[in-house]
Amino acid sequence: MKTSFRTIALVFGREFRAYFATPLAAVFLLVFLALSAGLAFFAGGFFERGQADLGPFFAWHPWLFLILMPAIGMRLWADERRSGVIELLMTLPVRAHEVVIGKFLAGWAFTAVALVLTMSFWLVTLYLGSPDNGIVAASYIGSFLMAGAFLAISACVSAMTKNQVIAFILAAIVSFLLVMSGTNLVLAALRGWAPAFVVDLVQSLSFITNFDRLTRGVLEAPAVILFVSTIVLALWINVQVVDAKKAA
Amino acid sequence: MQLVQASGLVKTFSRLRAVDGVSLEVSRGEVVGFLGPNGAGKSTTMKMLTGFLEPDAGTASIAGHDVFADPIAARRRLGYLPEGAPAYGDMTVADFLAFVGRMRGLANSALGERLAEMVERVNLAAVWNRPIDALSKGFKRRVGIAQALIHDPEVLILDEPTDGLDPNQKHDMRELISAIAPGKAIVISTHILEEVEAICSRVVIIDEGRVVADATPSALLDAAAVDGRRPTLEAVFRSITGSKAA
Ligand SMILES: Nc1ncnc2c1ncn2[C@@H]1O[C@H](COP(=O)(O)OP(=O)(O)OP(=O)(O)O)[C@@H](O)[C@H]1O
Ligand SMILES: [Mg+2]
(Lines give C-alpha, C1' and ligand atoms only; values in the text may rest on other atoms or scores of the structure.)
(Ligands and ions follow the chains in the order given, each with its own letter.)
Protein backbone atom coordinates (compact mmCIF):
# COMPACT_ATOMS: atom_id res chain seq x y z
CA MET A 1 0.00 0.00 0.00
CA LYS A 2 1.58 3.26 -1.13
CA THR A 3 1.64 5.86 1.60
CA SER A 4 2.68 9.49 1.60
CA PHE A 5 3.90 10.42 5.06
CA ARG A 6 3.88 14.02 3.97
CA THR A 7 0.12 13.83 3.45
CA ILE A 8 -0.36 12.17 6.83
CA ALA A 9 1.73 14.90 8.46
CA LEU A 10 -0.21 17.66 6.70
CA VAL A 11 -3.59 16.24 7.72
CA PHE A 12 -2.30 15.68 11.24
CA GLY A 13 -1.11 19.28 11.47
CA ARG A 14 -4.36 20.72 10.23
CA GLU A 15 -6.55 18.59 12.46
CA PHE A 16 -4.43 19.02 15.57
CA ARG A 17 -4.52 22.79 15.17
CA ALA A 18 -8.27 22.63 14.53
CA TYR A 19 -8.79 21.26 18.05
CA PHE A 20 -7.31 24.46 19.40
CA ALA A 21 -9.06 26.77 16.95
CA THR A 22 -12.01 27.05 19.31
CA PRO A 23 -12.19 27.41 23.10
CA LEU A 24 -13.61 23.91 23.08
CA ALA A 25 -10.14 22.43 23.49
CA ALA A 26 -9.54 24.33 26.71
CA VAL A 27 -12.99 23.41 27.97
CA PHE A 28 -12.37 19.79 27.15
CA LEU A 29 -9.01 19.66 28.87
CA LEU A 30 -10.44 21.36 31.97
CA VAL A 31 -13.39 18.99 32.12
CA PHE A 32 -11.10 16.02 31.72
CA LEU A 33 -8.78 17.20 34.49
CA ALA A 34 -11.62 18.14 36.83
CA LEU A 35 -13.51 14.91 36.26
CA SER A 36 -10.54 12.62 36.60
CA ALA A 37 -9.36 14.42 39.73
CA GLY A 38 -12.85 14.68 41.19
CA LEU A 39 -13.67 11.05 40.61
CA ALA A 40 -10.34 9.86 41.96
CA PHE A 41 -10.47 12.03 45.08
CA PHE A 42 -14.12 11.86 45.99
CA ALA A 43 -15.51 8.69 44.49
CA GLY A 44 -12.29 6.72 44.38
CA GLY A 45 -11.22 7.28 47.97
CA PHE A 46 -7.83 8.58 46.96
CA PHE A 47 -7.21 10.10 50.40
CA GLU A 48 -8.81 7.47 52.61
CA ARG A 49 -6.53 4.84 51.22
CA GLY A 50 -3.64 6.76 52.69
CA GLN A 51 -1.43 5.38 49.97
CA ALA A 52 0.58 7.17 47.36
CA ASP A 53 -0.88 5.37 44.40
CA LEU A 54 -2.81 6.41 41.32
CA GLY A 55 -5.06 3.35 41.16
CA PRO A 56 -8.27 5.24 41.98
CA PHE A 57 -7.41 7.77 39.29
CA PHE A 58 -6.85 5.22 36.51
CA ALA A 59 -9.81 3.07 37.56
CA TRP A 60 -12.17 5.69 36.18
CA HIS A 61 -10.51 6.01 32.79
CA PRO A 62 -12.61 3.43 30.93
CA TRP A 63 -15.74 5.30 32.02
CA LEU A 64 -14.33 8.73 31.31
CA PHE A 65 -13.02 7.79 27.90
CA LEU A 66 -16.19 6.16 26.75
CA ILE A 67 -17.73 9.65 26.80
CA LEU A 68 -14.72 11.82 26.09
CA MET A 69 -13.24 9.94 23.14
CA PRO A 70 -16.49 10.08 21.14
CA ALA A 71 -16.46 13.81 21.88
CA ILE A 72 -12.97 14.12 20.44
CA GLY A 73 -13.65 11.84 17.47
CA MET A 74 -17.14 12.91 16.44
CA ARG A 75 -16.10 15.92 14.36
CA LEU A 76 -13.27 14.22 12.48
CA TRP A 77 -15.41 13.04 9.56
CA ALA A 78 -19.02 14.05 10.25
CA ASP A 79 -18.11 17.72 10.03
CA GLU A 80 -16.33 17.11 6.75
CA ARG A 81 -19.52 15.68 5.29
CA ARG A 82 -21.76 18.37 6.71
CA SER A 83 -19.65 21.19 5.34
CA GLY A 84 -18.95 19.46 2.03
CA VAL A 85 -15.20 19.74 2.54
CA ILE A 86 -15.00 15.98 2.07
CA GLU A 87 -15.61 16.60 -1.62
CA LEU A 88 -12.60 18.87 -1.79
CA LEU A 89 -10.44 16.66 0.41
CA MET A 90 -11.13 13.45 -1.48
CA THR A 91 -10.45 15.03 -4.87
CA LEU A 92 -6.96 16.07 -3.78
CA PRO A 93 -4.21 13.67 -4.85
CA VAL A 94 -4.32 11.78 -1.56
CA ARG A 95 -5.27 8.27 -0.52
CA ALA A 96 -8.09 7.64 1.93
CA HIS A 97 -5.88 5.79 4.40
CA GLU A 98 -3.46 8.71 4.61
CA VAL A 99 -6.26 11.05 5.63
CA VAL A 100 -7.76 8.50 8.03
CA ILE A 101 -4.42 7.99 9.77
CA GLY A 102 -3.62 11.71 9.90
CA LYS A 103 -6.95 12.54 11.49
CA PHE A 104 -6.74 9.71 13.98
CA LEU A 105 -3.23 10.67 15.04
CA ALA A 106 -4.34 14.28 15.56
CA GLY A 107 -7.10 13.19 17.94
CA TRP A 108 -4.74 10.81 19.68
CA ALA A 109 -2.13 13.52 20.13
CA PHE A 110 -4.79 15.75 21.63
CA THR A 111 -5.59 12.93 24.05
CA ALA A 112 -1.90 12.72 24.89
CA VAL A 113 -1.96 16.39 25.85
CA ALA A 114 -4.84 15.69 28.22
CA LEU A 115 -3.00 12.74 29.77
CA VAL A 116 0.22 14.69 30.15
CA LEU A 117 -1.67 17.36 32.07
CA THR A 118 -2.89 14.71 34.53
CA MET A 119 0.69 13.97 35.41
CA SER A 120 0.28 16.72 37.98
CA PHE A 121 -1.57 14.07 40.04
CA TRP A 122 1.44 11.85 39.81
CA LEU A 123 3.56 14.71 41.12
CA VAL A 124 1.20 14.95 44.09
CA THR A 125 1.69 11.27 44.87
CA LEU A 126 5.44 11.72 44.57
CA TYR A 127 5.16 14.43 47.20
CA LEU A 128 2.94 12.31 49.44
CA GLY A 129 5.03 9.17 49.31
CA SER A 130 6.74 6.89 46.92
CA PRO A 131 4.41 5.48 44.28
CA ASP A 132 5.47 2.52 42.19
CA ASN A 133 6.58 4.34 39.09
CA GLY A 134 6.59 1.16 37.02
CA ILE A 135 2.88 0.78 37.69
CA VAL A 136 2.27 4.43 36.92
CA ALA A 137 4.10 4.15 33.60
CA ALA A 138 2.28 0.96 32.61
CA SER A 139 -1.04 2.56 33.56
CA TYR A 140 -0.36 5.62 31.47
CA ILE A 141 0.60 3.51 28.47
CA GLY A 142 -2.50 1.36 28.98
CA SER A 143 -4.69 4.40 29.33
CA PHE A 144 -3.27 5.96 26.17
CA LEU A 145 -3.77 2.74 24.20
CA MET A 146 -7.32 2.29 25.46
CA ALA A 147 -8.10 5.92 24.60
CA GLY A 148 -6.76 5.24 21.11
CA ALA A 149 -9.09 2.28 20.70
CA PHE A 150 -12.12 4.34 21.76
CA LEU A 151 -10.98 7.15 19.49
CA ALA A 152 -10.51 4.91 16.44
CA ILE A 153 -14.03 3.56 16.95
CA SER A 154 -15.37 7.11 17.27
CA ALA A 155 -13.57 8.28 14.13
CA CYS A 156 -14.90 5.30 12.21
CA VAL A 157 -18.47 5.94 13.34
CA SER A 158 -18.04 9.63 12.53
CA ALA A 159 -17.29 8.70 8.91
CA MET A 160 -20.74 7.13 8.59
CA THR A 161 -22.83 10.23 9.20
CA LYS A 162 -22.84 13.96 8.66
CA ASN A 163 -24.40 14.56 12.04
CA GLN A 164 -21.90 14.98 14.87
CA VAL A 165 -24.51 14.29 17.54
CA ILE A 166 -25.42 10.98 15.97
CA ALA A 167 -21.72 10.16 15.62
CA PHE A 168 -21.21 10.92 19.31
CA ILE A 169 -24.15 8.82 20.49
CA LEU A 170 -23.34 5.81 18.30
CA ALA A 171 -19.68 5.87 19.28
CA ALA A 172 -20.57 6.15 22.96
CA ILE A 173 -22.93 3.17 22.66
CA VAL A 174 -20.30 0.98 20.98
CA SER A 175 -17.73 2.07 23.56
CA PHE A 176 -20.16 1.37 26.38
CA LEU A 177 -20.72 -2.16 25.08
CA LEU A 178 -16.99 -2.78 24.94
CA VAL A 179 -16.56 -1.54 28.50
CA MET A 180 -19.54 -3.47 29.79
CA SER A 181 -18.63 -6.72 28.07
CA GLY A 182 -16.40 -7.70 30.97
CA THR A 183 -18.87 -6.96 33.75
CA ASN A 184 -20.74 -9.69 35.53
CA LEU A 185 -23.99 -8.19 34.38
CA VAL A 186 -23.24 -8.96 30.76
CA LEU A 187 -21.47 -12.22 31.39
CA ALA A 188 -24.31 -13.54 33.55
CA ALA A 189 -26.81 -12.64 30.89
CA LEU A 190 -24.76 -14.55 28.32
CA ARG A 191 -24.03 -17.59 30.46
CA GLY A 192 -27.67 -18.57 30.43
CA TRP A 193 -27.65 -19.51 26.76
CA ALA A 194 -24.44 -18.73 24.91
CA PRO A 195 -21.75 -21.40 24.46
CA ALA A 196 -18.79 -21.10 26.77
CA PHE A 197 -16.36 -19.95 24.12
CA VAL A 198 -18.62 -16.99 23.31
CA VAL A 199 -18.67 -15.99 26.97
CA ASP A 200 -14.88 -16.28 27.09
CA LEU A 201 -14.54 -14.28 23.91
CA VAL A 202 -16.78 -11.50 25.14
CA GLN A 203 -14.91 -11.42 28.42
CA SER A 204 -11.55 -11.32 26.68
CA LEU A 205 -12.67 -8.34 24.61
CA SER A 206 -13.60 -6.33 27.67
CA PHE A 207 -11.81 -3.04 27.83
CA ILE A 208 -12.14 -2.90 31.61
CA THR A 209 -10.66 -6.30 32.29
CA ASN A 210 -7.74 -5.68 29.94
CA PHE A 211 -7.14 -2.19 31.22
CA ASP A 212 -7.17 -3.44 34.82
CA ARG A 213 -4.41 -5.86 33.97
CA LEU A 214 -2.27 -3.06 32.61
CA THR A 215 -2.85 -0.86 35.65
CA ARG A 216 -1.54 -3.62 37.83
CA GLY A 217 1.81 -2.84 36.34
CA VAL A 218 2.41 -5.57 33.83
CA LEU A 219 2.45 -4.61 30.17
CA GLU A 220 0.69 -7.80 29.26
CA ALA A 221 0.78 -8.69 25.60
CA PRO A 222 -2.90 -9.74 25.22
CA ALA A 223 -4.14 -6.43 26.59
CA VAL A 224 -1.79 -4.41 24.40
CA ILE A 225 -2.70 -6.52 21.39
CA LEU A 226 -6.42 -6.06 22.04
CA PHE A 227 -6.18 -2.26 22.07
CA VAL A 228 -3.78 -2.05 19.15
CA SER A 229 -5.79 -4.42 17.00
CA THR A 230 -9.00 -2.56 17.85
CA ILE A 231 -7.32 0.61 16.58
CA VAL A 232 -6.12 -1.08 13.38
CA LEU A 233 -9.46 -2.74 12.69
CA ALA A 234 -11.51 0.41 13.34
CA LEU A 235 -9.25 2.50 11.12
CA TRP A 236 -9.40 -0.11 8.38
CA ILE A 237 -13.20 0.03 8.48
CA ASN A 238 -12.92 3.82 8.54
CA VAL A 239 -10.97 3.72 5.26
CA GLN A 240 -13.55 1.41 3.66
CA VAL A 241 -16.38 3.68 4.76
CA VAL A 242 -14.68 6.78 3.37
CA ASP A 243 -13.91 5.03 0.08
CA ALA A 244 -17.37 3.58 -0.34
CA LYS A 245 -19.48 6.40 0.96
CA LYS A 246 -17.91 9.57 -0.28
CA ALA A 247 -21.04 11.51 -1.07
CA ALA A 248 -23.39 12.23 1.81
CA MET B 1 -5.65 13.64 -26.46
CA GLN B 2 -8.73 15.07 -24.84
CA LEU B 3 -7.99 16.53 -21.42
CA VAL B 4 -11.44 15.61 -20.18
CA GLN B 5 -13.08 12.52 -21.52
CA ALA B 6 -16.28 11.00 -20.20
CA SER B 7 -18.51 8.48 -21.81
CA GLY B 8 -21.87 7.07 -20.84
CA LEU B 9 -21.90 8.35 -17.27
CA VAL B 10 -24.92 7.14 -15.32
CA LYS B 11 -25.83 7.83 -11.70
CA THR B 12 -29.00 6.76 -9.96
CA PHE B 13 -29.98 7.89 -6.46
CA SER B 14 -32.40 5.35 -5.01
CA ARG B 15 -35.05 5.62 -7.75
CA LEU B 16 -34.04 8.86 -9.38
CA ARG B 17 -31.76 8.70 -12.42
CA ALA B 18 -29.87 11.95 -11.87
CA VAL B 19 -27.41 11.43 -14.74
CA ASP B 20 -28.45 9.28 -17.66
CA GLY B 21 -25.65 8.53 -20.10
CA VAL B 22 -23.68 11.77 -20.26
CA SER B 23 -20.64 11.84 -22.55
CA LEU B 24 -18.31 14.79 -22.76
CA GLU B 25 -14.96 15.58 -24.32
CA VAL B 26 -13.01 18.74 -23.69
CA SER B 27 -9.70 19.53 -25.34
CA ARG B 28 -6.99 21.98 -24.44
CA GLY B 29 -8.03 25.58 -24.90
CA GLU B 30 -11.74 24.93 -24.63
CA VAL B 31 -14.01 26.54 -22.06
CA VAL B 32 -17.21 24.54 -21.81
CA GLY B 33 -20.29 26.12 -20.32
CA PHE B 34 -22.26 23.36 -18.63
CA LEU B 35 -25.89 24.46 -18.46
CA GLY B 36 -29.17 23.01 -17.39
CA PRO B 37 -32.13 23.67 -15.12
CA ASN B 38 -31.94 23.06 -11.36
CA GLY B 39 -31.65 19.36 -10.71
CA ALA B 40 -30.62 18.56 -14.29
CA GLY B 41 -27.58 16.67 -13.04
CA LYS B 42 -24.76 19.18 -13.56
CA SER B 43 -23.19 18.87 -10.14
CA THR B 44 -23.64 15.10 -10.11
CA THR B 45 -21.87 14.85 -13.48
CA MET B 46 -19.03 17.01 -12.22
CA LYS B 47 -18.66 14.84 -9.13
CA MET B 48 -18.18 11.86 -11.41
CA LEU B 49 -15.75 13.72 -13.69
CA THR B 50 -13.58 14.47 -10.67
CA GLY B 51 -13.75 10.91 -9.38
CA PHE B 52 -15.53 11.92 -6.18
CA LEU B 53 -18.67 9.97 -7.00
CA GLU B 54 -18.48 6.54 -8.55
CA PRO B 55 -20.76 6.24 -11.59
CA ASP B 56 -23.13 3.29 -11.92
CA ALA B 57 -21.93 3.01 -15.50
CA GLY B 58 -19.53 4.83 -17.79
CA THR B 59 -15.99 6.08 -17.48
CA ALA B 60 -14.22 9.38 -16.96
CA SER B 61 -10.61 10.37 -17.40
CA ILE B 62 -8.55 13.49 -16.83
CA ALA B 63 -5.51 14.07 -19.07
CA GLY B 64 -5.63 10.43 -20.07
CA HIS B 65 -5.80 9.04 -16.54
CA ASP B 66 -8.92 7.17 -15.56
CA VAL B 67 -10.34 8.83 -12.45
CA PHE B 68 -10.94 5.46 -10.76
CA ALA B 69 -8.18 3.25 -12.07
CA ASP B 70 -5.50 5.91 -11.63
CA PRO B 71 -7.03 8.46 -9.28
CA ILE B 72 -3.91 10.11 -7.92
CA ALA B 73 -2.49 10.92 -11.35
CA ALA B 74 -5.87 12.18 -12.55
CA ARG B 75 -6.40 14.38 -9.48
CA ARG B 76 -2.93 15.92 -9.76
CA ARG B 77 -3.96 17.49 -13.07
CA LEU B 78 -7.30 18.66 -11.81
CA GLY B 79 -8.52 21.76 -10.04
CA TYR B 80 -12.05 21.44 -8.69
CA LEU B 81 -14.47 23.90 -7.17
CA PRO B 82 -17.26 21.83 -5.61
CA GLU B 83 -20.79 23.23 -5.46
CA GLY B 84 -21.10 25.73 -2.61
CA ALA B 85 -17.33 26.28 -2.40
CA PRO B 86 -16.72 24.26 0.77
CA ALA B 87 -13.67 25.15 2.87
CA TYR B 88 -12.34 24.72 6.39
CA GLY B 89 -14.08 27.55 8.20
CA ASP B 90 -11.73 27.50 11.17
CA MET B 91 -8.70 28.28 8.99
CA THR B 92 -7.61 31.65 7.68
CA VAL B 93 -7.58 32.16 3.92
CA ALA B 94 -3.78 32.06 3.91
CA ASP B 95 -3.57 28.87 5.97
CA PHE B 96 -6.27 27.14 3.97
CA LEU B 97 -4.71 27.87 0.59
CA ALA B 98 -1.28 26.86 1.88
CA PHE B 99 -2.77 23.62 3.19
CA VAL B 100 -4.40 22.77 -0.14
CA GLY B 101 -1.23 23.74 -2.01
CA ARG B 102 0.91 21.49 0.15
CA MET B 103 -1.58 18.63 -0.09
CA ARG B 104 -1.24 19.06 -3.84
CA GLY B 105 2.47 18.57 -3.52
CA LEU B 106 3.75 22.12 -3.94
CA ALA B 107 7.12 22.68 -2.32
CA ASN B 108 7.51 25.74 -0.11
CA SER B 109 9.24 27.93 -2.71
CA ALA B 110 6.68 27.24 -5.44
CA LEU B 111 3.89 27.56 -2.90
CA GLY B 112 4.95 31.07 -1.93
CA GLU B 113 4.86 32.17 -5.54
CA ARG B 114 1.51 30.60 -6.21
CA LEU B 115 -0.01 32.11 -3.05
CA ALA B 116 1.23 35.54 -4.07
CA GLU B 117 -0.29 35.07 -7.51
CA MET B 118 -3.63 33.99 -6.03
CA VAL B 119 -3.77 37.04 -3.74
CA GLU B 120 -3.45 39.23 -6.76
CA ARG B 121 -5.44 37.41 -9.40
CA VAL B 122 -8.38 36.44 -7.20
CA ASN B 123 -8.29 39.66 -5.15
CA LEU B 124 -7.87 38.14 -1.73
CA ALA B 125 -5.57 40.67 -0.06
CA ALA B 126 -8.36 42.22 2.01
CA VAL B 127 -9.28 38.95 3.70
CA TRP B 128 -5.95 37.14 3.62
CA ASN B 129 -5.66 36.62 7.37
CA ARG B 130 -9.35 36.35 8.20
CA PRO B 131 -10.92 33.02 9.18
CA ILE B 132 -13.00 31.67 6.29
CA ASP B 133 -16.06 31.34 8.55
CA ALA B 134 -16.09 35.13 8.86
CA LEU B 135 -16.11 35.83 5.11
CA SER B 136 -19.01 36.96 2.96
CA LYS B 137 -20.42 34.56 0.41
CA GLY B 138 -18.57 36.17 -2.49
CA PHE B 139 -15.21 36.05 -0.77
CA LYS B 140 -15.79 32.43 0.18
CA ARG B 141 -16.43 31.65 -3.45
CA ARG B 142 -13.20 33.40 -4.40
CA VAL B 143 -11.27 31.36 -1.87
CA GLY B 144 -12.78 28.26 -3.51
CA ILE B 145 -11.60 29.43 -6.92
CA ALA B 146 -8.12 30.21 -5.62
CA GLN B 147 -7.98 26.75 -4.06
CA ALA B 148 -8.81 25.17 -7.44
CA LEU B 149 -6.13 27.22 -9.21
CA ILE B 150 -3.36 26.96 -6.64
CA HIS B 151 -1.37 24.28 -8.47
CA ASP B 152 -2.02 25.73 -11.93
CA PRO B 153 -3.78 22.56 -13.16
CA GLU B 154 -4.42 21.59 -16.78
CA VAL B 155 -8.04 20.79 -16.12
CA LEU B 156 -10.47 22.97 -14.20
CA ILE B 157 -13.93 21.89 -13.17
CA LEU B 158 -15.80 24.75 -11.56
CA ASP B 159 -19.31 24.30 -10.21
CA GLU B 160 -20.96 27.73 -10.27
CA PRO B 161 -17.77 29.77 -9.79
CA THR B 162 -19.45 33.16 -10.06
CA ASP B 163 -22.47 32.45 -7.85
CA GLY B 164 -22.61 35.18 -5.21
CA LEU B 165 -19.97 37.43 -6.76
CA ASP B 166 -20.66 41.13 -7.21
CA PRO B 167 -20.65 42.54 -10.78
CA ASN B 168 -17.05 43.73 -10.54
CA GLN B 169 -15.89 40.38 -9.31
CA LYS B 170 -17.91 38.53 -11.93
CA HIS B 171 -16.18 40.62 -14.55
CA ASP B 172 -12.75 39.99 -13.03
CA MET B 173 -13.44 36.28 -12.78
CA ARG B 174 -14.37 36.10 -16.45
CA GLU B 175 -11.19 37.93 -17.37
CA LEU B 176 -9.20 35.54 -15.22
CA ILE B 177 -10.77 32.47 -16.78
CA SER B 178 -10.28 33.81 -20.29
CA ALA B 179 -6.67 34.63 -19.50
CA ILE B 180 -5.77 31.16 -18.26
CA ALA B 181 -7.94 29.28 -20.76
CA PRO B 182 -5.49 28.77 -23.66
CA GLY B 183 -3.41 26.14 -21.86
CA LYS B 184 -6.27 24.40 -20.10
CA ALA B 185 -9.50 22.52 -20.46
CA ILE B 186 -12.19 24.21 -18.38
CA VAL B 187 -15.72 23.13 -17.52
CA ILE B 188 -17.95 25.69 -15.83
CA SER B 189 -21.48 25.18 -14.66
CA THR B 190 -23.51 28.33 -14.37
CA HIS B 191 -26.98 29.79 -14.54
CA ILE B 192 -25.71 33.10 -15.88
CA LEU B 193 -26.11 32.92 -19.63
CA GLU B 194 -24.34 36.18 -20.49
CA GLU B 195 -21.30 34.63 -18.88
CA VAL B 196 -21.49 31.74 -21.30
CA GLU B 197 -21.55 34.08 -24.25
CA ALA B 198 -18.65 36.05 -22.82
CA ILE B 199 -16.20 33.26 -22.08
CA CYS B 200 -17.33 29.85 -23.31
CA SER B 201 -16.16 28.36 -26.56
CA ARG B 202 -18.76 25.62 -26.28
CA VAL B 203 -22.10 25.08 -24.62
CA VAL B 204 -23.34 21.76 -23.29
CA ILE B 205 -26.90 21.77 -22.05
CA ILE B 206 -28.27 18.90 -20.01
CA ASP B 207 -31.80 18.23 -18.94
CA GLU B 208 -33.04 15.40 -16.74
CA GLY B 209 -29.62 13.83 -16.85
CA ARG B 210 -29.18 13.81 -20.63
CA VAL B 211 -27.18 16.00 -22.96
CA VAL B 212 -29.69 17.90 -25.10
CA ALA B 213 -27.31 20.30 -26.86
CA ASP B 214 -23.58 20.43 -27.48
CA ALA B 215 -22.33 23.19 -29.79
CA THR B 216 -20.54 26.51 -29.93
CA PRO B 217 -22.69 29.37 -28.65
CA SER B 218 -23.06 30.86 -32.10
CA ALA B 219 -23.90 27.54 -33.76
CA LEU B 220 -26.57 27.06 -31.14
CA LEU B 221 -28.02 30.48 -31.84
CA ASP B 222 -27.81 30.03 -35.60
CA ALA B 223 -29.63 26.74 -35.43
CA ALA B 224 -32.47 28.39 -33.56
CA ALA B 225 -32.56 31.46 -35.79
CA VAL B 226 -35.84 32.34 -37.42
CA ASP B 227 -35.70 34.32 -40.67
CA GLY B 228 -32.02 34.93 -40.08
CA ARG B 229 -32.73 36.54 -36.71
CA ARG B 230 -30.89 34.94 -33.83
CA PRO B 231 -32.78 34.47 -30.58
CA THR B 232 -31.06 35.13 -27.24
CA LEU B 233 -29.24 32.27 -25.54
CA GLU B 234 -31.83 32.48 -22.82
CA ALA B 235 -34.63 31.89 -25.31
CA VAL B 236 -32.79 28.88 -26.70
CA PHE B 237 -32.16 27.51 -23.21
CA ARG B 238 -35.82 27.88 -22.35
CA SER B 239 -37.10 26.30 -25.51
CA ILE B 240 -34.77 23.32 -25.14
CA THR B 241 -35.28 22.65 -21.45
CA GLY B 242 -38.47 24.45 -20.51
CA SER B 243 -41.12 22.22 -22.08
CA LYS B 244 -42.29 20.57 -18.87
CA ALA B 245 -41.82 23.62 -16.67
CA ALA B 246 -43.97 25.81 -18.87
N1 LIG C 1 -26.74 12.58 -2.69
C2 LIG C 1 -27.92 12.60 -3.34
N3 LIG C 1 -28.92 11.78 -2.94
C4 LIG C 1 -30.10 11.77 -3.59
N5 LIG C 1 -30.39 12.53 -4.64
C6 LIG C 1 -29.44 13.37 -5.09
C7 LIG C 1 -28.17 13.45 -4.46
N8 LIG C 1 -27.42 14.36 -5.13
C9 LIG C 1 -28.21 14.84 -6.12
N10 LIG C 1 -29.42 14.25 -6.10
C11 LIG C 1 -30.50 14.49 -7.05
O12 LIG C 1 -30.00 14.37 -8.36
C13 LIG C 1 -30.57 15.34 -9.21
C14 LIG C 1 -29.47 16.14 -9.88
O15 LIG C 1 -28.84 16.95 -8.92
P16 LIG C 1 -27.63 17.91 -9.25
O17 LIG C 1 -27.17 18.49 -7.97
O18 LIG C 1 -26.65 17.19 -10.09
O19 LIG C 1 -28.35 19.03 -10.12
P20 LIG C 1 -27.75 20.38 -10.71
O21 LIG C 1 -27.92 20.31 -12.19
O22 LIG C 1 -26.39 20.61 -10.20
O23 LIG C 1 -28.76 21.44 -10.14
P24 LIG C 1 -28.52 22.95 -9.62
O25 LIG C 1 -28.60 23.84 -10.80
O26 LIG C 1 -29.68 23.19 -8.71
O27 LIG C 1 -27.21 23.01 -8.93
C28 LIG C 1 -31.49 16.19 -8.35
O29 LIG C 1 -32.81 15.73 -8.53
C30 LIG C 1 -31.02 15.91 -6.95
O31 LIG C 1 -32.09 16.00 -6.05
MG1 LIG D 1 -25.52 22.01 -9.01
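Predicted model: local features only at pLDDT ≥ 70, side-chain atom pairs only at ≥ 80, totals over all residues.
**From a helix end to a shared site**

Thr215(A) belongs to helix 13 of chain A, which covers residues 207-215. If you leave out residues up to four places away in sequence, Thr215(A) touches Phe58(A), Ile135(A) and Ser139(A).

Now over to ligand 1. Which chains supply the residues around it? Both A and B do, so this is a site shared between chains. There are 15 residues around ligand 1, and the ones that come nearest are Gly39(B), Lys42(B), Ser43(B), Thr44(B) and Glu83(B). Sorted by class, the shell holds 6 nonpolar, 6 polar and 3 charged residues.

A few of these neighbours deserve a look at the atom level. Ser43(B) has a side-chain N or O atom 2.7 Å from an oxygen atom of ligand 1. For Glu83(B), a side-chain N or O atom likewise lies 2.7 Å from a ligand 1 oxygen. How much of ligand 1 does the protein cover? Taken on its own, ligand 1 has 640 Å² of accessible area, and the protein covers 66% of that.

As for secondary structure, strand 2 (16-26) and helix 1 (42-49) of chain B are the elements that give two or more residues to this shell. Helix 1 of chain B makes the largest contribution, with 3 residues.

Finally, take a look at the largest pocket, with about 710 Å³ of space. Its lining runs to 31 residues, and those nearest the centre are Thr22(A), Arg75(A), Asp79(A), Gln164(A) and Asp90(B). Several chain A helices take part: helix 1 (5-19), helix 2 (24-43), helix 4 (61-73) and helix 5 (75-83) each supply at least two lining residues.

Conventions
Residues numbered from 1 in each chain as written. Chains lettered and ligands numbered in written order. Heavy atoms only, no water. Near = heavy atom within 4 Å. Polar contact = N/O pair within 3.5 Å; in protein donor to acceptor, adjacent residues only side chain to side chain. Areas by Shrake-Rupley, 256 points an atom, 1.4 Å probe, with all protein chains shown as cover. Helix = DSSP H or I, 4+ residues; strand = E, 2+ residues; numbered from the N terminus. Nonpolar A, V, L, I, M, F, W, Y, C, P; charged D, E, K, R; others polar. Contact = heavy atoms within 4.5 Å. 1 Å grid on protein atoms, 1.4 Å probe; cavity = no way out; pocket = protein on both sides within 12 Å on 5 of 7 lines; lining within 4 Å. Points joined across faces, edges and corners; volume = space filled by probe spheres on them.
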